[in-house]
Amino acid sequence: MARKLPRKDVVIIGLGWTGSIMAYELADAGLDVIAIERGPWRNTATDYPPGYAADELRYRIRHELFLSPSQTTFTFRNKMSETALPIRTWGAFMPPNGVGGGGVHWNAETWRFLPSDFVLKTHLTQRYGAGFLPEDMTVQDWGVTYDELEPHYDRFEYLCGTSGQAGNIKGTIMEGGNPFEGPRSRAYPNPPQDQPFGHTLFGKAARELGYKPFPQPSGNMSRPYQNPLGVRLGPCTYCGFCEWFGCGNYSKASPQTTILPALVRKPNFTARDNSEVTRINVDGSGKRATGVSFVDTAGDEWEQPADLVVLSAYTIFNVQLLLLSGIGKAYDPAANTGVVGRNFTHQTISDVVSFFDPAKFVFNPFIASGAIGMCIDEFNGDNFDHGPHGFVGGGYMGHVQTNGRPIETTPVPPGTPSWGAAWKKAVKENYQSAIKPGTGVHGSMYSYRDVYLDLDPTYKDRFNRPLVRITMDFHDNEIKQNKFLTDKFAEIFQAMGAKQVHKEYRKAPYDITKYQTTHLCGGAIMGTDPNTSALNRYLQSWDVPNLFVLGASAFPQNAGYNPTGTVAALAYWAADAIRSNYLKNPGQLINA
Amino acid sequence: MRRAAQFAFVMLTFAVGVSKAMSADVQNFAAVERGRYLAAAADCGSCHTVPGSDHPFSGGRPIETPFGVLVAPNITPDRETGIGAWTDEEFDAAARKGMRRDGKRLYPAMPFPYFARMTQEDVKDIRAYLSTVEPVHNSVAANQLPFPLNQRMAMTVWDKLYFKPGEFMEQRNKSKQWNRGAYLVEGPGHCGACHTPKTVLGGDKSDKPLQGYTLQGWVAPDITSGQGPLAEWSADDLAQYLKTGHNRFAAAAGLMGEVVELSTSRLSDDDTKAMAAYLKDVSGPKAAADSSADAHVMAAGGAIYQDLCSACHKSDGSGVPNLIPNLAHAATVNTGDPTTVLRVILQGAQSVATDKEPTGPAMPAFGWQLNDVQVAAVATYVRNHWGKAPPVSADQAKKERAALDARTN
């Protein structure tokens, strides 16, 4: 029997980036807010201090900061005709857990999407004709435009202290920045990070090939910064322990380093960690959320009533809670009906590993940060004419090698034995003179009718709830896109003077065991039509108006950028809609 | 006529009786507001509220003294266990003279030698404010000292030696700001209660004001200017530290973190600037330079420093303004007594978060990672590389580790 807690104005499920942003905005508006987080509380000095923040075995190999699959997992299959099996070790993505969520262990690559990304269906149809898109591709417009999101991108970048070079300020193209980006209202709050040797050479080679390289926008600080909430960050030390690690010296933007210190000072905010929300409760009409049920580590069940529910967990968990709570109609790919679970996407990542003459090139790859590097955007989105190529989509590409960590940084030329004396010799010879750019080609993944999330018919979690089933494969469009981009990427390394360039194309079938990124998107998408989207343009549930669902689960398809900037901008956008409109007149903000 | 006079007389005594038992100032909004502010300036809550308690001023916090533990009493208006039944005069006698209601004497853990400098009106307004807080029934056995220290009679002698009654006297040759700062520092702020060296009997060494003392496991460093350790701090640096807990040199943690959180961050900018102006005018002696650190120890300490400390404090010790202390200028690092530097290396430290500086960065613990020899080496390095504070021995590190293991706070 669940014990009932006193009512709150707002209950927030998951205290990562979006939960923290929404909690701050609504507490700032005077509402009584509680956040419920499945994982533990985390602080810099107590949980990932410099004394062991750079423990590659602990964090990179043993996954300390992630959800443990023994707590909960998903099942996976490529095709609808297959039987899905549970994931028992994380591979293609790393589900976050704990306060700060993925914001603790991200690389801090802080991008904006292109203006055309938000009106993708309309844009591509107008430029290439409806027949150009593959028949089973289900891309949609977002219902929100870049111009509407611009102030909210700006807020997040100034919250984080993003280090970068603007490419377009109010329509004026800025030298050294990304000329393809949408117009921004002002420069980044901090100058770009310094670039190490190899990254600088890549930029030079790209420029010589006629591209316009620019430094990757980074949430790692190029200098000390105090954000508008008064919270301070220190300068990055370029230690190269960002992705999958917490930053030990307050240099990487995270909820802990930008927003939580200000949030926890608010007397009308409380947080409950180590508590897993199991259900969003709705009243008899099914049209109003009454709060949430959650279970603590003792196994005791509690009910937290609230007037407004904000679902801000990781993509798959957002979809899972909607499905398990019966909110919104579940997607059925056969009938092509329902919305919850549809348009699930990931990313199309590939790499080019280049080997240079050790006598001439010493790259010191360990000097790096998570969002270091020089990039080009000529082949992203619809920045180039896709007509001759027969595919849509694209991505940024760059030499964005984030580290030279010893366990994983062992690039050796193809043909080298995978162990033994010859392998060791090759590692030693190439460690300083090879470039393994990481997510070098950061391609989009568009949505398809047969790529989706639903509830698994067989496997259940510890509360006897069905696991979420992932059905995902690559389609020809993405494979073609990746081939084209990877070849273009390799040309730049050749121009840098590599003696050997090894292309690692992304190929089908989608491999759940190989890491790409943690950028799972979709499943509870925003849009303009309740028949094809779970949320309206303000991330408000079409079905339950006092429920807002934040995160990349709202993306109708994934663009060729890291998603966090857009995820956070959408959270500010939704918070603004709640503060400006919803609170004055609680109810459906859009009449569809 | 006679009857009428009698009636008037009765009314008068009744009125006087009421005013004696209950502060008339409770009806005075301005007095209560002033009292609230002055209670913050006097940092009453630091001792009289258990940290994190929802019942401010209800007492029960153990106060560690060199002589044993005293427990701060309940000063809520509860009539039985608090001070609700006290008259204003009784409250004033306790605050400014160290005299209890029963005529016995208070121990100087209650900083009445400082509060004696306060005006009667200020103390009365604090009383007015305290009369408005929630009365809490909480009986506190304040005196838990061993015999013979538990005999309050002894305090009669102590008072004769160390207690100098008398309100603060303005110095006419000094500015208004200086006088305000002096009043706050010497009176309600009772800065010297921690920062002034003590005699074996726990009285202030009045010839060495604010020149540093060690208590409750922390160093309250020498905060004098002139040739003293704060010589390079400007008045603005000092005021910023008091107001926000942070400045370009240092961060408040431990006891001073509490003082900033509960007291100085709640003062007006004018008042923290006044305190800074006065403190900048207090000169102290130059710290004795000590160049006896062993070169091998310095080399080992420097290596540990670059490995573990430089990511935040920078290779040159300069840190990050308002975030990471500058080790060359942080008074607790370069002071003669290494207690705080050892404690912070071993145990870590949480700096204070304030409205103006909400970050509250923390120093991680290294006691699990470094042995006593290593702790001593890195402590010696940070004290002796940029400054010339005395080296620290492994034995001192060992003792500090044991002391921290024994501590409950």
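Select Cys309(B), which sits in helix H13 (residues 295-313) of chain B. Helices here are DSSP runs of H or I with at least four residues, strands are runs of E with at least two, and both are numbered from the N terminus. This is a predicted model, in which local features need pLDDT of at least 70, side-chain atom pairs count only at pLDDT 80 or more, and totals for chains, interfaces and linings use all residues. Residues are numbered from 1 along each chain as its sequence is written, and chains are lettered from A and ligands numbered from 1 in the order in which they are written.

Cys309(B) is buried, because 24 other C-beta atoms lie within 10 Å. A residue is buried at 20 or more other C-beta atoms within 10 Å of its own, exposed at 12 or fewer, and partly exposed in between, with C-beta atoms placed from the backbone.

Next, select Cys312(B), also in helix H13 of chain B. Cys312(B) counts as buried because it has 25 C-beta neighbours inside 10 Å. Leaving out residues up to four places away in sequence, Cys312(B) touches Pro50(A), Gly234(A), Asn249(A) and Ile324(B). Contact means that the C-beta atoms of two residues, placed from the backbone, lie within 7 Å.

UniProt positions are given in the numbering used here, feature names are shortened, and annotations may be inferred rather than shown by experiment.

Now show both chains. The contact takes 21 residues from chain A and 21 residues from chain B. On the chain A side, helix H2 (44-47) and helix H9 (260-263) are the elements that give two or more residues. That side divides into 11 nonpolar, 8 polar and 2 charged residues. Nonpolar covers Ala, Val, Leu, Ile, Met, Phe, Trp, Tyr, Cys and Pro; charged covers Asp, Glu, Lys and Arg; the others, Gly among them, are polar.

Move to residues 233-347 of chain A, where UniProt (unreviewed entry) places the feature "domain: Glucose-methanol-choline oxidoreductase N-terminal". The end C-alpha atoms of this span lie 30 Å apart, and the span is 17% helix and 26% strand.

Last, select helix H1 (residues 17-28) and helix H13 (residues 564-582), both of chain A. In H1(A), the residues that meet H13(A) include Trp17(A) and Leu26(A). The residues of this contact divide into 10 nonpolar, 2 polar and 2 charged.

Conventions: Axes are lines fitted to C-alpha atoms, for helices over the stretch in contact, and angles run from 0 to 180 degrees between N-to-C directions.
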